[in-house]
Structure formats: structure tokens, C-alpha cells
Amino acid sequence: MIGRKKIALFYLMSIFIYFCGMDLLPFYAVEPGERLPGLRGEKWYSKEQESGKLLQIVLLLDLTSSDTFPLLRMLENMKISTLGKNLSITLFAMNDEKTADAIMKSSGGTSFSVGLDSRLKMRNLLAEDISLFPHAILAKNGIVQWRGMPTELELVAEKILKGSFSLEKQKKVEGMRKELQIAIQSGLPVVVSSTADRILAILPDDRLAIQSKLFAFNAMRQNDEAEKFIEKICRNNPEDMRLMVMQLDFLLREGKIASFLKKVGEGCRKLKKNSDMLLFLSFVLENAPFGTLDVKELLPVAFSVYEKLGKEEKISSADKALAAEVLARIYSMAGRLADAVRLQNDACKIRKGGNLEKAANDRLKYYRDALEAGGMKLPGKK
């Protein structure tokens, strides 16, 4: 299940940290429109076949960061999704060799390229102006299109493949982002807000600008204005699941549970035929306060998603496991613990050997213990 920690995109303070971790000195970095240089690792932990892929992602990461395993899972999901056939991924570990060896061994391996960059040659070549990591770069046919926080990668990649991404607009925005950086570091929320507005006039769904605007409202203690702003953003992008989750996260932090539950219901209706419904439900279940959700409303939605994914031939194992876990969790909330055990057991079989195997098994044990505590027998047990 995806929890709030794994949705780093939805934390306002990440904007402050991201920008304030960037130096204002004129170091070199590959900018949108420039050619991506050759990638060389000191050693390779895994190497995928990169030739012929339209899109190329490069990620610079300190493996000791708490973001490491969620990011590895995110990248694996991108590889097995519909994006995968057009995508090559290369991750550079900015750690000493001994540390990188141990962490990569515990990761269970990856389906994409992972190289060692202990001497920071790739870091200095690609992103010498960046002080806070992880940092991602996305290129199309060898030309850099975008760089920024890894949590935006999937969205940007989808836009490029759909033809809705504009390199020219991105170049304009890059200059404004530098202005945004200076304004945040200088503690000027009014300037942050106006600069974010200029970016949004060019890219109406730019995540960094949206978060910066929310950050400015928070700094000026204009929470009501912030709520109106994120509501308008979601209204203008009615089927954007990521923005819906950003709004839900905002409402939770503000303690507006009634508004949160109202938006959950609206989201379920708007995303009824959207492939993002599964991730939306996962976020809701993981973050809603105990006892607040309408199980009667969510159960048929989760069952429909589970049934639909089960009929798809090219469903990823990650989505299949998550669909089973989401439905199992709602069954447990409805008191149908035997069904929860059955579905979570299916998820455990799919998760076997992966990074989420232990978490899946722990959840299965919880459902089994709850079932037996209620005086009921486990399925198949006499």
C-alpha cells in the first residue's frame, strides 16, 4: 500500500528543502534542450539493454536515504507498466563501494541499470548545481527534456509519450524556477506566490509551482486561500489522480475530515473508468483516520477495480498484488475476514521474493489473527 511518506510529492516542506538544498553558484548541469552525455559507472550492479528506447531516465541517489526502497519500487513499477517498452532507466549510487554493495545485495536486484558513482563523476557531470538528492533527469532521443524530483517522473514521461509535453515551455519554466528558488531561500512568500502563478500560466499542472504556491499560503497563514487554490487546480484537472491525492493530503493536514471524505467520494466517481483508481484507493485506505471511511461506498469500487484488472492480459504483478491487497483491506473493514485472508494470501504469493514480501506476510498474519480472535476458523482449516 502506498503511504503518505512515499508520496513525497505532496509535502509542502519538500519544496523548501528542495530549493534551499540547491546552490546559487553557477555550477554546470545538463539543462533541458542539451544532449545527455555518455553514462559511465565505476562498476555495474545490473545493466539493462538500453538501445532503441525513446525515453531515458537517469537518477542520482544516495542509497542510505530513506527514499531508496520506495524509489526502487517506483522505478520497477514504471518498467513493468505500459511506459516500460519505451523507457530505459539508469540509477547512479553516490556511495562508497562497500555501502553500495551491501544495500544493492539487500534490494534483491533490479530490472534496470544501477551503477556506482562513489567518486561523483556522473554527479558532477550531470548535476553539479544540485545539493539535495535524489535528483532525476529525463531525456527523449538523447535530448534532455526535464530535470527535478523523481516523484514527478511518471507524470512527465506520460506527457512526453502523449505528445502534450512542450520542451519550449519547459525551458521558459526552468528560468522561473531559479527565481522561485531565490524567493524561497530569501523568505519572500509573496514573490514565491507570484512566481508560481507565472509558471502555472504556462504549465497549469506544474507540481512544483502548485506546491510552492501552497507553501507560500502556509507561510502567510492563508489556509482558507490555500484550500480554495487547490480546489480550483483539481477542478481544472478533473481526472488527475495525483492532484486529487495532493488535495486529500492537504485536507488531512488541515484536519478537515468531512471535506476529505467528500473528496474521496468525488474521486471515486470521477476516476470510475480511470486506471489510476487503484492508486487513489490505496492512498485513501492508508491515510484516512480510523473509522471515518464509508465501507459500503468503497467496497463495490474496490471489487470493480479488482475484477477489471483480473481480466486484463498485460496487468503487472505489482498492480495485481496491490488490487488484491486493497480489496482485502476493505473486506477486513467490512468484517469479512475470511475473504481478506484469501485475497491477502494471493497477494503474498505474488510478492514472494520481492521487497514487499515481508509487509505482505505481516498483513496476512494480522488478518489471520483477527479471524481467529473472533472465534472463526481459517479458510481450509478444520
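Residues are numbered from 1 along each chain as its sequence is written, and side-chain values use heavy atoms, with hydrogens and water left out. Because the model is predicted, local features need pLDDT of at least 70 and side-chain atom pairs count only at pLDDT 80 or more, whereas totals for chains, interfaces and linings use all residues.

Strand 4 covers residues 113–116, where strands (E, at least two residues) and helices (H or I, at least four residues) are DSSP runs numbered from the N terminus. Ser 113 and Gly 115 point one way from strand 4, Val 114 and Leu 116 point the other way, and all are buried, that is, under 20% relative accessible area with a 1.4 Å probe and protein chains only. Strand 4 runs antiparallel to strand 1 (residues 44–46), to which two bridges join it; two strands are said to pair if DSSP finds at least two bridges between them. Within this pairing, Val 114 is the bridge partner of Ser 46. Strand 3 (residues 87–93) and strand 4 run parallel and are joined by four bridges, with Thr 90 standing opposite Ser 113. From strand 3 the chain crosses through helix 3 (residues 97–107) to strand 4 in a right-handed β-α-β crossover, a term meaning that, with the strands pointing away from the viewer, the path from the first strand over the helix to the second runs clockwise.

Strand 5 (residues 135–140) and strand 6 pair in the antiparallel sense over five bridges, and Leu 138 has Trp 146 as its bridge partner in strand 6. Two residues lie between the strands of this hairpin, in which Asn 141 takes a positive phi near 50 degrees. Strand 6 (residues 143–148) is largely enclosed by the rest of the structure, because five of its six residues are buried.

Helix 12 (residues 277–287) is likewise largely enclosed, since nine of its eleven residues are buried, among them Met 277, Phe 280 and Asn 287. What covers these buried residues, by contact (heavy atoms within 4.5 Å), includes helix 10 (241–253), helix 11 (257–270), helix 13 (295–311) and helix 14.

The lining of the second largest pocket includes at least two residues from each of helix 14 (317–333) and helix 16 (357–373), and helix 16 gives the most, with four residues.

Methods: Buried < 20%, exposed > 50% of the residue type's maximum accessible area, 1.4 Å probe, protein only.
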